[in-house]
Structure formats: C-alpha cells, structure tokens
Amino acid sequence: MTIFSLSYRLAGVGRRLLIASAFLAVIGPAHAEITASDPGAETHDTAIEIRNKAIVRDAFEKWRAGTYVFAALLAPDVVWTIHGSGPVAGTYRSQDDFIERASRPLTSRLATPVVPEVRSIYAVGDTVLIRFNGSATTTSGARYRNQFLWMFRMKDGLVIEAEAFLDLVAYQQVVEQNEPREQ
C-alpha cells in the first residue's frame with residue numbers, strides 16, 4: 001500500500017469522524033445526558049429517547065459488569081456497518097453475521113473481555129449515540145484499547161441498525177498479532 005493510498009483512506013475516515021463529531025456538537029447541548037456534575041441541566045428528551053437511552057445505558061452497565069448483552073440488545077436481523085477501511089470494515093446483515101465475522105476475530109484473541117467505559121449517551125428520535133472507551137488484555141498479554149462511537153437506530157427496544165466508528169488499525173493489530181483462544 002502506498003503512502004498516498006493510506007493518506008487517502010485516512011482522509012476518508014477523518015471526514016466521517018468529523019461529521020460524527022459535528023453531529024454530536026450540534027445535538028450535545030440539547031440532548032446531553034444529565035449528569036451529577038451539572039444538576040441544573042435540563043433536557044427535553046421525548047419518552048422514546050428516554051426509554052432508548054435507558055435501554056442502552058442499562059446494557060452497557062451490564063456489559064461493564066461482565067454480562068454478555070448483545071443477544072438481548074441487537075435484533076436478530078440487525079444491519080451493522082463498521083466504517084473505515086480494513087478487513088473488518090463493511091456491513092453485516094444479521095446478529096450472527098456480525099458476531100462471527102466482526103466480533104469473534106477480535107474477542108477470540110483477547111484474554112479478558114472488553115470493558116466499556118461510557119463517556120456519553122445521546123438520543124435523538126429513535127437514534128442513540130454512545131461514545132465509549134474499551135480496554136482488554138490480549139492473549140499475548142498486551143493491552144488493547146480503543147475509542148468507539150456507536151450509532152444505534154432502535155425499534156421496540158432493540159437495535160435494528162448500527163454504525164460503528166473505531167480505530168480499525170488497533171483492532172487489526174490484535175487480530176494479526178495474537179493467537180486465538182481455544183474455544
């Protein structure tokens with residue numbers, strides 16, 4: 001791969017992240033989750049936004065505590081798109097497809113589960129955005145850390161469409177530099 005090709009691809013990823021950041025900057029003040037650090041903040045979330053944020057927040061709290069939550073959170077026919085370039089980037093058209101071709105190549109090379117640290121949750125209509133950091137230990141003992149922005153479109157309490165933004169280079173390094181665990 002030439003430097004030009006890599007620069008071109010990185011510029012495309014940068015544009016997408018800039019768009020996502022701009023979106024968060026616009027909706028943040030109006031739809032930010034109320035936190036203890038700002039007790040006077042007011043939001044005008046609709047009932048569906050409040051419900052969807054609560055579902056996602058609860059799922060991430062359970063995930064952080066060690067519970068596998070994706071079977072209950074994702075619709076069986078979820079459409080999950082990972083933006084960027086690299087072997088894992090693309091669109092997956094079911095929960096099983098996403099788990100087998102995108103999640104398992106990474107998680108099988110981790111000695112510990114990814115532990116999410118939620119930075120913020122936003123909701124606009126039926127869409128929930130969650131920005132979080134994740135960390136784990138690989139099968140070779142190295143640290144894996146990544147930053148994520150996931151955008152969920154929800155229906156009846158389930159994620160029916162998801163878009164993921166993350167550092168795909170960090171993902172790919174774990175896949176290429178670690179042996180999978182015995183299943």
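1. How much accessible surface does the chain have, and what share of it belongs to carbon and sulfur atoms? The accessible surface comes to about 10500 Å², with 57% belonging to carbon and sulfur atoms, the areas being computed by the Shrake-Rupley method with a 1.4 Å probe.

2. This is a predicted model, in which local features need pLDDT of at least 70 and side-chain atom pairs count only at pLDDT 80 or more, while totals for chains, interfaces and linings use all residues. Residues are numbered from 1 along each chain as its sequence is written, and side-chain values use heavy atoms, with hydrogens and water left out.

3. The chain has five helices and six strands, which follow one another in the pattern α-α-α-β-β-α-β-β-β-β-α; these elements are DSSP runs numbered from the N terminus, helices being H or I of at least four residues and strands E of at least two. Of the contacts with a separation of 6 or more, 54% are made by residues 24 or more positions apart, where contact means heavy atoms within 4.5 Å.

4. Of the 183 residues, 37% are buried, that is, under 20% relative accessible area with a 1.4 Å probe and protein chains only, against over 50% for exposed and in between for partly exposed. The largest nonpolar core has 39 residues, and Trp-80, Ile-82, Tyr-144, Trp-150 and Phe-152 have the most contacts inside it; such a core is a set of buried Ala, Val, Leu, Ile, Met, Phe, Trp, Tyr and Cys residues joined through side-chain atoms within 4.5 Å. Beyond four places in sequence, Phe-152 touches residues including Val-56, Trp-80, Asp-126 and Glu-161.

5. The largest pocket holds about 650 Å³ of space and is lined by 30 residues, with Trp-63, Phe-70, Ser-103, Thr-107 and Val-114 nearest its centre. A pocket here is an open set of points on a 1 Å grid over the protein atoms alone, where a 1.4 Å probe fits, with protein on both sides within 12 Å along at least five of seven lines, and lining residues have an atom within 4 Å of a point. Helix H4 gives the largest share of the lining, seven residues.

6. Arg-64 is placed in helix H2, and its C-alpha atom is separated by 5.3 Å from that of Val-115, 51 residues apart along the chain. Apart from neighbours within four places in sequence, Arg-64 is in contact with Val-115, Pro-116 and Glu-117. Thr-67 lies in the loop between helix H2 (47-64) and helix H3 (70-73), and counts as partly exposed because its relative accessibility is 41%.

Definitions and conventions
Points joined across faces, edges and corners; volume = space filled by probe spheres on them.
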